[in-house]
Amino acid sequence: MGKMKIDQAAEYLRKNFFPRWDRAHKWKIRMCGLEDIHYANGLCDKETKTISIAYFGDYGLEAFLIHEICHAVTDGYHGIRWQSRMEKAAKKRMNLAEMSWQQKS
Ligand SMILES: [Zn+2]
């Protein structure tokens, strides 16, 4: 997984999903090794403002980035605020998929 791809995905999500988050670009988004984040798929470190993705399997990079950015913009781990932000992103994603499908047909 190249650096280009994660940078592109991050830029796309910033623009389309989290436009009010991190306008000053203080957060870093990077790929890392599984051992770097204790064998989790991804990690959102608020102290260093770093989102790390180690592995994203079949769900795709975007889905994991959305998961971690939702941590960046909410508190309380996978609590109610995080869940509702995830839901909002999921709906947006479906709408975008629908739009591109319509454009192609
Ligand atoms: Zn999580």
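**Reading the terms**

Modeller: Let us start with a single pair in this predicted model: Lys 28 has Thr 50 of S3 as its bridge partner.

Colleague: What makes S1 and S3 a pair, and in which sense do they pair, parallel or antiparallel?

Modeller: Two strands pair if at least two bridges are found between them, and S1 and strand S3 (residues 50-53) have four bridges, in the parallel sense, so they count as a pair.

Colleague: What is the order of the strands in the sheet, and which are called edge strands?

Modeller: The order is S1-S3-S2 in an open sheet of three strands, with mixed pairing. Strand S1 (28-31) and strand S2 (42-45) are the edge strands, since each pairs on one side only. Neighbouring strands of this sheet are turned against each other by 10 degrees on average, with direction ignored.

Colleague: Where does helix H2 lie relative to the strands?

Modeller: Helix H2 (residues 61-73) lies across S1, S2 and S3, and runs at about 150 degrees to S3. Along the sequence, the chain as a whole follows the pattern α-β-β-β-α-α, which comes to three helices and three strands.

Colleague: How do you know whether the radius of gyration agrees with that of a compact globule?

Modeller: A compact globule of 105 residues would have a radius of gyration near 13 Å, and the chain has 14 Å, so the value agrees.

Colleague: What share of the residues counts as buried?

Modeller: A residue is called buried if 20 or more other C-beta atoms lie within 10 Å of its own, and 17% of the 105 residues of the chain count as buried.

Methods: Residues numbered from 1 in each chain as written. Predicted model: local features only at pLDDT ≥ 70, side-chain atom pairs only at ≥ 80, totals over all residues. Helix = DSSP H or I, 4+ residues; strand = E, 2+ residues; numbered from the N terminus. Rg over C-alpha atoms; globule rule 2.2 N^0.38 Å. Buried ≥ 20, exposed ≤ 12 C-beta atoms within 10 Å, placed from the backbone. Axes fitted to C-alpha atoms, helices over the stretch in contact; angles between N-to-C directions. Contact = placed C-beta atoms within 7 Å.
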